[in-house]
Amino acid sequence: MAKKQYAVIGMGRFGSSVASALTNLGFEVLAIDSNEQKIQEVVGLVTHAVSADTTDEEALRAIGIRNFDVVVVAIGADIQASILTTLILKDLGVPKLIVKAQNELHGKVLQKIGADKVIYPERDMGLRVAHHLISPNILDYIELSDDYSIVEMKAPQPTIGKNLKQLDIRAKYKCNVLAIKTNEHMNISPYADDIIKENDILVIVGKNADLTNFEIVHAEG
Ligand code: ATP
């Protein structure tokens, strides 16, 4: 199967980071920005880089944007340009359209006009940092929906040397331990008698409020 081709519009900090990461992962990436200087900055970091105003339908046609499997729109501050670009890309029939939103309202509009996925990098990173502040044990935090998340955390001291049955996290906190990571080994369906060891990493799923409760109870340091 041919590798997916990506186009990333808007070479701000977020867009350029997505574009160079995809390139490093071995994908073909076209970077687009209306600012020629931004394009100069990413030449060499991506497969191709072109300067174009993406609110201009003809410019997008000329680039052949329809031939890309996935287009990421990472225009932030200029909400009008972000919305117009998304509308045009949708009209042109781009198969998968991922758009960065500046705020909730912007996100709602993007969804209404057909963005396949709306992302909120600042909000999501803020959430992660906040959870890390609640408990330095928190390594990562992924929102599954408005209500549910997955948290990855260093096994808190009170859990060490105990098995899942003794801890009874499901009954006490209404959360589920999905996996236990020991060094490089991932135990993806832990049994009730699996014992948690020092430096293990727990991957837990649950309702946001229940996870936060578990984090606070087990906050250390
Ligand atoms: P970040 O926070 O990721 O640095 P940002 O959210 O502040 O970015 P902007 O700097 O507003 O986003 O926009 C990102 C890029 O999008 C800029 O380099 C800008 O030149 C580009 N851009 C803005 N409007 C257009 C447009 N109509 N066509 C193409 N590129 C555009």
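What span should helix α4 (residues 79-92) have at 1.5 Å a residue, and how far apart are its end C-alpha atoms? With 14 residues, α4 should span 20 Å, and its end C-alpha atoms are 20 Å apart, which agrees. The expected span is 1.5 Å times one less than the number of residues. Helices (H or I, at least four residues) and strands (E, at least two) are DSSP runs, numbered from the N terminus.

This is a predicted model, where local features need pLDDT of at least 70, side-chain atom pairs count only at pLDDT 80 or more, and totals for chains, interfaces and linings use all residues. Residues are numbered from 1 along each chain as its sequence is written, and side-chain values use heavy atoms, leaving out hydrogens and water.

Let's stay with α4 for a moment. Its buried residues (under 20% relative accessible area, 1.4 Å probe, protein chains only) include A81, I83 and L89.

After α4 comes G93, with a positive phi near 85 degrees.

Now for a sheet. Five strands form an open sheet with antiparallel pairing, in the order β7-β8-β11-β9-β10. Strands pair if DSSP finds at least two bridges between them. At the edges are β7 (138-143) and β10 (185-187), each pairing on one side only. Strand β7 is joined to β8 (residues 148-154) by 5 bridges, and I138 has M153 in β8 as its bridge partner.

Key
Buried means under 20% relative accessible area, exposed over 50%, partly exposed in between (1.4 Å probe, protein chains only).
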